[in-house]
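Please look at the sequence and the structure before reading on.

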Amino acid sequence: MSAESVVLEEVLRRALDDALDIARKEVRSEREEGELFAYFSLLDWAKQQADGLDVRFADQELQAFDPYQLLAAPTTRRAA
């Protein structure tokens, strides 16, 4: 695996971790909702590009992750 691939995977892993932290919150502010959508957009685009180029990530959770799960993350109410 090239150094560029390692860096890319680490960036995507960090984005995934941050997105999951927000998605798991029971209550999210409008700002957090915006951040979550931004993470979704980034991860969805990256996964589409990786699939199209047949890039395989060493991180199996990242490899298997469906970014649309972020949009389905339930929240009971929004914080002000």
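## The chain as a whole

Of the 80 residues of the chain, 34% count as buried, a word that here means under 20% relative accessible area with a 1.4 Å probe and protein chains only as cover. This is a predicted model, in which local features need pLDDT of at least 70 and side-chain atom pairs count only at pLDDT 80 or more, while totals for chains, interfaces and linings use all residues. Residues are numbered from 1 along each chain as its sequence is written, and side-chain values use heavy atoms, with hydrogens and water left out.

The chain holds 4 helices and 2 strands, which are DSSP runs of at least four residues (H or I) and at least two residues (E), respectively, numbered from the N terminus. Along the sequence they follow the pattern α-β-α-α-α-β.

## Helix H1

The buried residues of H1 include Glu9, Leu12, Leu16 and Ala19. Among the elements that cover the buried residues of H1 are strand E1 (27-28) and helix H2 (30-52), together with helix H3 (60-64) and helix H4 (68-71).

## Arginine 13

Arginine 13 lies in helix H1 (residues 3-23), and it counts as buried because its relative accessibility is 15%. Arginine 13 touches Asp59, Glu61 and Leu62, leaving aside residues up to four places away in sequence, where contact means heavy atoms within 4.5 Å.

With glutamate 61, the side chain of arginine 13 makes a side-chain polar contact at 3.0 Å. Such a contact is a pair of N or O atoms within 3.5 Å, and within protein one must be able to donate a hydrogen and the other to accept it, with residues adjacent in sequence counting only if both atoms are side-chain atoms.

How values were computed: Buried means under 20% relative accessible area, exposed over 50%, partly exposed in between (1.4 Å probe, protein chains only).
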